[in-house]
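Hi everyone, thanks for making time.

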Amino acid sequence: MKLLIASDLHGAAPAVRALDARVEAESPDRIVLLGDLLYHGPRNDLPEGYAPKEALAVLNGWSARAVAVRGNCDAEVDQMVLDFPCLADYALVEADGHMLYLTHGHLPGKTPDDPPALPPKSAFLSGHTHVKTLEERDGVLFVNPGSASIPKDGSASYAVYEHGRFALKALDGRTLAEGGWDGKPASGL
């Protein structure tokens, strides 16, 4: 199974269009969206190209393959315009025998510093910080794809899961880091 994982799009149409090009190039089975899809939030400046209606048109094009969770900037009004569910605080996805726990990462008991109990060979996927992460702790991978629109670590990004490995990628498709459950530190970070 191949997953494309993105977070913190914040209604930035150019970033969403760039991500759509990556969806086309990567051809994932599912698109995992870890929250903060349409609104920029009160703590962020407006992202470049802020146009939630334009971003919405692209996001709805992914509806048959999308799995989404709610971020701290998402609201019930977003569900009124999105063609896929987006208001759950977390979701579970099984991929190649691995349990992937999806959440935005802002709620108690659902953060990288305070995760739920997960079995070894599972992954905790979250966004919220806008900073890319790929690390293993006690047999669980912690993955944050960063932000496609308002990166706080210098580069807009997304992640890909395939065959038990995660890759953090720039919006042009370059691999920035990769790793899996092999006990080796992620390369590239």
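The crossing of α1 and α2 is left-handed, meaning the near helix is turned anticlockwise from the far one by less than a right angle. This is a predicted model, where local features need pLDDT of at least 70, side-chain atom pairs count only at pLDDT 80 or more, and totals for chains, interfaces and linings use all residues. Residues are numbered from 1 along each chain as its sequence is written, and side-chain values use heavy atoms, with hydrogens and water left out.

Helices (H or I, at least four residues) and strands (E, at least two) are DSSP runs, numbered from the N terminus. The axes of α1 (residues 13–26) and α2 (residues 52–60) come within 8 Å and cross at roughly 20 degrees; axes are lines fitted to C-alpha atoms, for helices over the stretch in contact, with angles from 0 to 180 degrees between N-to-C directions. So the two helices, α1 and α2, are roughly parallel, the word for angles under 35 degrees.

Who touches whom? From α1, A13, V16, R17 and D20 meet E54, A55, V58 and L59 of α2, contact being heavy atoms within 4.5 Å.

Now the sheet. Six strands form an open, mixed sheet, ordered β3-β2-β1-β9-β10-β11; strands pair if DSSP finds at least two bridges between them. β3 (66–68) and β11 (175–180) are at the edges with a single partner strand each, so one side of each lacks a neighbour in the sheet. Inside it, β1 (residues 2–6) and β2 (residues 30–33) pair in the parallel sense over four bridges, and L3 stands opposite R30 in β2.

Technical notes
Parallel < 35°, antiparallel > 145°, perpendicular 65-115°, else oblique.
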